Structures are given as structure tokens and as C-alpha cells.
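I opened my notebook to look up a few parts of one structure. Here is what I wrote down, entry by entry.

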Amino acid sequence: MLTVSAYAAPSASEALVPTTIERRDVGAHDVLIEIKYAGICHSDIHTVRGDWGPQSYPLAPGHEIAGIVTEIGSEVTRHKVGDRVGVGCMVNSCRECGNCRKGEEQYCLKGMTGTYGAVDRDGTITQGGYSTHVVVTEDFVVRIPERIGLDAAAPLLCAGITTYSPLRHWGAGPGKKVGVVGLGGLGHMAVKLAHAMGADVTVLSQSLKKMEDGLRLGADQYFATSEPATFEKLAGTFDLIINTVSAPIDISSYLQLLTLDGALVNVGAPAEPLPVNVFSLITGRRSFAGSAIGGIRETQEMLDFCAEHGLGAEIEVIPADKINDAYERVLASDVRYRFVIDASTLG
Ligand code: NAP
Ligand code: ZN
Ligand code: ZN
């Protein structure tokens, strides 16, 4: 066992505090990663605060991990000491079910093993990336291309893949109009990726406060959803809408913005149900869908795509003692556009 420094929540209602956690010994198929940066995803906040159900505490969140391999197990072939690597939202899956065999491990029929707060194969509870080191089976570790800084790469491991996967699945590209609801961590990556794929991109944000940023990131249009005229003006416009909002919104009014056969894909994961007026679907053969992160193969494809197009996340690097402040700013939609923890400040 390796005892390492971390930041963890002692309970759903307390701030995160410095602590230590245990990492397992490096097994034959494991790699030991020295974490350099860990992104703060809104899912970390939902999870530690119990929005998605009870958790086991203390809980160290973090599933946007970028670092360097410092040790490998005897059977490891995919990675070597010194490699720049990343770990996202999952650290294992059954590898045998139909979905795992398709490379869609995030939809493992037996349930993928989450990077934190999940029961691991050995019965322990996984602990996430707000820590200095992590031990992960080699198959769930991806390569970070040289062209992307490790700090700007960390958020790609969740925010990047969670938006890349539905953009690809629903065919974002030239001639397609894509709407992105919410310009936060996921939203800003959706804008960059959809633009790089050649789509015409529109941001739908609560206000016009971040308009300049949105256009710089690659949006072609930018609208405020607080303006009722936005919904009249854009009715029937989009082939694809990616909703990244962390809170419930009136989905039916956004469905009306889709063209015939358009799809609204929810990646935002509020605890509350999102009621739908079926007439907003029926009247345009529209779809309301959801999507979870992406498989390991697609995560590598996304990182390679980002390297090819010179993309990374827009980040604000913070020391560990600012994690709790960063949580409050994320909750207030005051993030531009991902907080990333400098892991050297954890210990
Ligand atoms: P984030 O950085 O907080 O961004 C969310 C954005 O949504 C905010 O910046 C804000 O953008 C908008 N927003 C927030 N509250 C709103 C409200 N009450 N009404 C309207 N708009 C609001 O969060 P994130 O890290 O991108 O994560 C977003 C959601 O995706 C979370 O629920 C998270 O758990 C979920 N998630 C899902 C997956 C998956 O696999 N499906 C993966 C990662 C995260 P504007 O200021 O521009 O309006
Ligand atoms: Zn996440
Ligand atoms: Zn499986």
C-alpha cells in the first residue's frame, strides 16, 4: 500500500480538507501515475454533496487526471515509465459484456467502476484524482499527446470526451447546426470541438456576459436564454443541441429549437427529473437523448483529435487550498472555463 496526500470531503455537508488516502500496490497490469493536474468537474460537486444519492466518506473526488507514469507492473505493455497519461471517469469495467466488447465500457452492463466513490474489484471504495498518485489498470489509462499541456489536457478526460462522443455519434460536422446550452466546463469544450468538426455553432447561455469568450472559442452565434425572443427567433433551427446545464431547465422549449429529426442530447445531470411536453417531440419527429462520457478507445481518439486541432481546455489553475472556493464559483456559473488543481500543492 502507498499512502498519498489528497483532498477529500468528510461528509456531504462539509468542505473538502487535506488528508491522506491509500493506493493499492502496483499489480502486474497496473500503472502508478504521479498526478500533475486534476480538473474540477461539476459532477464532483454533485457527488460529494449527495445530489445523486448517498456516498461513502471520506471521499476524494476528481476524474480529470493528467500525470506521468512512475512505475509499471510486470505485464504492462501499453505504457512505460515517463509517459504522459490521463485517467477519466472510469477505472475498470467487466470487459466481457456486449457493450464492453464494443468499446463502450461506460455503458458496461455490469456497471463500470467509477474513478471515485465506486466499489472496486477488491471491495474497497475508489478514490479520485484530487491526490498526488493513483494506481490504475493499464487498459483504462490513455496517452496524452505531446502537443497538449498536461494542465489543459486534464479537463479533456471528462469535459472533452463527454461532449466529443455525442457530437460524433449525432454527426456534428459541415452543414450541421449545433446548439450548446450552458457555457461552463462541458459547454466550452462542446463549442471548441463542434467548431473544429466544422459545424455551425450557437451558444445558448443564461446571459450575454460570456459572449466575447464564446465567439473566440469558436461559436458562430451567441444568444441569451433569459430573452424570450431567443426562443422565437431560433425555433426549428438546430440539427443537434447538447445540453450541458447542471440544473433543471425547461427542456420542451429547447426541443422546439430543433429542426425536423433533430436531437437534443442531455449530458447535464441534475438530480431532478426533466419533464417533457411530448408535443415538442411529436411535432418535428424530434429526439430527446442522453449520453455518458465515452469509451476508452474514443477517449484516445478525442485526445488525438484535440492534438491535431491544437485544442485544450481554457483553464484556471488553482492550489489545493482554493478547491472549496472553486466549488462555490462553479455553482455560481463563475467558471472560465475549468478549474484545474495543481497536484504539487496537495501535500
Ligand atoms: P459547469 O462548469 O458548472 O457548467 C454548467 C453551465 O450550465 C454553467 O456554466 C451555466 O452556463 C449553465 N447553468 C448552470 N446553472 C444553470 C441554471 N440554473 N439555468 C440555466 N443554466 C445554468 O458544469 P460542468 O462541469 O460543465 O457539468 C455540467 C453538467 O454535466 C453537470 O450536471 C455534470 O454533472 C454533468 N456531467 C455529465 C457527464 C456525462 O457523462 N453525461 C459528464 C460530466 C459532467 P451559462 O452561464 O453559460 O448559462
Ligand atoms: Zn466529470
Ligand atoms: Zn461490461
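Predicted model: local features only at pLDDT ≥ 70, side-chain atom pairs only at ≥ 80, totals over all residues.

**Entry 1: helix α5**

Next I checked how much of α5 is covered. The answer is 10 buried residues out of 12. I listed them: G185, L186, G187, H188, M189, A190, V191, K192, L193 and A194. Then I checked the length. From first C-alpha to last, α5 reaches 17 Å, close to the 16 Å expected at 1.5 Å a residue. After the helix comes G198, and its phi is positive, near 100°.

I moved to the loop between β10 (177–181) and α5, where G182 sits. Is G182 buried or exposed? Its relative accessible area is 16%, and the cut-off for buried is under 20%, so G182 counts as buried. I looked up its contacts, leaving out neighbours within four places in sequence. They are G187, L204, T244 and V245. G182 and P10 are 172 residues apart in sequence, and their C-alphas are 30 Å apart in space.

**Entry 2: T230**

L204 turned up again when I looked at T230. Not counting residues up to four places away in sequence, T230 touches L204, F223 and A224. T230 belongs to helix α7 (residues 228–233). Its relative accessible area is 5%, so T230 is buried.

**Entry 3: ligand 1**

Which residues are closest to ligand 1? I found H42, L183, S205, K210 and R338, out of 30 residues that surround the ligand. A polar side-chain atom of H46 lies 2.8 Å from an oxygen atom of ligand 1. For L186, a backbone N or O atom lies 2.8 Å from an oxygen atom of the ligand. For K210, a side-chain N or O atom is 2.8 Å from an oxygen atom of ligand 1. On its own, ligand 1 has 930 Å² of accessible area, and the protein covers 88% of this. The most come from α1, with 3 residues.

**Entry 4: the zinc ion**

What coordinates the zinc ion (ligand 2)? I found C41 (SG), H63 (NE2) and C158 (SG), at 2.0 to 2.3 Å. In sequence, the donor residues are spaced C-x21-H-x94-C. H63 lies in the loop between α1 (42–48) and β4 (65–72), and C158 in the loop between α3 (150–153) and α4, so this pair ties together parts that are 95 residues apart in sequence. I checked the accessibility of both. H63 is buried at 7%, and C158 is buried at 5%.

**Entry 5: helix α10**

Just after α10, G310 takes a positive phi of about 65°.

Note on methods. Residues numbered from 1 in each chain as written. Chains lettered and ligands numbered in written order. Heavy atoms only, no water. Helix = DSSP H or I, 4+ residues; strand = E, 2+ residues; numbered from the N terminus. Donors = N, O, S within 2.8 Å, 3.2 Å for Na, K, Ca; no water. Buried < 20%, exposed > 50% of the residue type's maximum accessible area, 1.4 Å probe, protein only. Contact = heavy atoms within 4.5 Å. Near = heavy atom within 4 Å. Polar contact = N/O pair within 3.5 Å; in protein donor to acceptor, adjacent residues only side chain to side chain. Areas by Shrake-Rupley, 256 points an atom, 1.4 Å probe, with all protein chains shown as cover. Expected span 1.5 Å × (residues − 1).
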